[in-house]
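Subject: Structure handover and notes

Dear colleague,

Please find below the structure I promised to pass on, followed by notes on what was found in it.

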Amino acid sequence: MLDWIEPLEFAPLDCFRRVSVAEMFPDRPEAPLELDLGCGDGGFLLAMARQHPERNFLGVERLLGRVRKVCRRAWRSEISNVRLLRLETSYTVNWLLPREAFTRIHLLFPDPWPKKKHEERRLVTPQFVRAAADLLVPGGEILFKSDHPSYFAEAAALLRAEPAFVETDWGPDAFPYFETDFERRWKAEGKPIQGLRLVLATRGMSAASRS
Ligand SMILES: C[S@@+](CC[C@H](N)C(=O)[O-])C[C@H]1O[C@@H](n2cnc3c(N)ncnc32)[C@H](O)[C@@H]1O
């Protein structure tokens, strides 16, 4: 059971149970489902949702003001294939979201936390990578971008170390992909943007055997 805070925003009522796709998208749970982690003001999320009405999109973001802004923008534009969850990403990925449910995970410009003393706040850890692989359907993919070279190198190494993932070409013409709000900001400042695309080929150690 979910608590619907706004028509597009929900919170889990039971934090010890995974939510189901049917709870989040009761109208059409069978549609391909994409996940935007740290969706910010939702520019990317809403552009993708508008471009792909045949898919469902879930945005996760911890800041209340940003979540409400995305909801307002979606509501005004009559975008109905989006849901918002205001929650911490690691917990959400590790414990809350349904396994083998997502065709894509977008991990776009997560905070790099470059200082040594903030290292434990970084999102991409070995546990996160395993949990993210568990959320994907076979053939699903994770798309990661960063403007921070050393953070990109570190997070990319952890993602590439997951044996279930196969790195795949991600050229500019691979498929329509919108710039995010932060991407535009970093590009204007002349920062280099790096990206990584990994496809879930095998499941390795199964989700069930880890639960
Ligand atoms: C640098 S911004 C990128 C936003 C968006 N992806 C973009 O590219 O425009 C990082 C976003 O992740 C959110 N965030 C950071 N840590 C988070 C966490 N642990 N759980 C959920 N959201 C988080 C921040 O509030 C912020 O909106």
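In strand β7, Leu-143 is the bridge partner of His-106, where strands are DSSP runs of E with at least two residues, helices are runs of H or I with at least four residues, and both are numbered from the N terminus. This is a predicted model, in which local features need pLDDT of at least 70 and side-chain atom pairs count only at pLDDT 80 or more, while totals for chains, interfaces and linings use all residues. Residues are numbered from 1 along each chain as its sequence is written, and side-chain values use heavy atoms, with hydrogens and water left out.

Strand β6 (residues 102-108) and β7 pair in the parallel sense over 6 bridges, pairing being assigned if DSSP finds at least two bridges between two strands. Between β6 and β7 the chain passes through helix α5 (residues 126-135), and this β-α-β crossover is right-handed, in that the path from the first strand over the helix to the second runs clockwise with the strands pointing away from the viewer. Strand β7 is also joined to strand β9 (residues 194-200) by 6 bridges, and these two run antiparallel, with Ser-146 opposite Gln-194 in β9.

As for charged contacts, the count comes to 19 salt bridges, each being a side-chain nitrogen of Lys or Arg within 4 Å of a carboxyl oxygen of Asp or Glu. One of them joins the side chains of Glu-141 and Arg-197 at 3.1 Å, N to O; Glu-141 lies in β7 and Arg-197 in β9, so the pair ties together parts that are 56 residues apart in sequence. Glu-141 is buried, with a relative accessible area of 7%, and Arg-197 is buried as well, at 15%.

A salt bridge of 3.7 Å, N to O, is found between the side chains of Asp-147 and Lys-191. That pair links distant parts of the chain, with Asp-147 in the loop between β7 and α6 (149-160) and Lys-191 in the loop between α7 (181-188) and β9, 44 residues apart. Asp-147 is buried, with a relative accessible area of 9%, whereas Lys-191 is partly exposed at 31%.

The side chains of Lys-187 and Glu-179 also meet in a salt bridge, at 2.7 Å, N to O; Lys-187 is partly exposed at 41%, and Glu-179 is partly exposed at 32%. Separately, salt bridges that share partners join Glu-34, Glu-54, Arg-55, Arg-104, Glu-141 and Arg-197 into one network.

Finally, the largest pocket has a volume of about 760 Å³. A pocket here is an open set of points, on a 1 Å grid over the protein atoms alone, where a 1.4 Å probe fits, with protein on both sides within 12 Å along at least five of seven lines, and lining residues have an atom within 4 Å of a point. Of the 32 residues that line the largest pocket, Gly-38, Glu-61, Arg-62, Pro-110 and Asp-111 are the closest to its centre. The largest share of that lining, 3 residues, comes from α7.

Best regards

How values were computed:
Buried < 20%, exposed > 50% of the residue type's maximum accessible area, 1.4 Å probe, protein only. Points joined across faces, edges and corners; volume = space filled by probe spheres on them.
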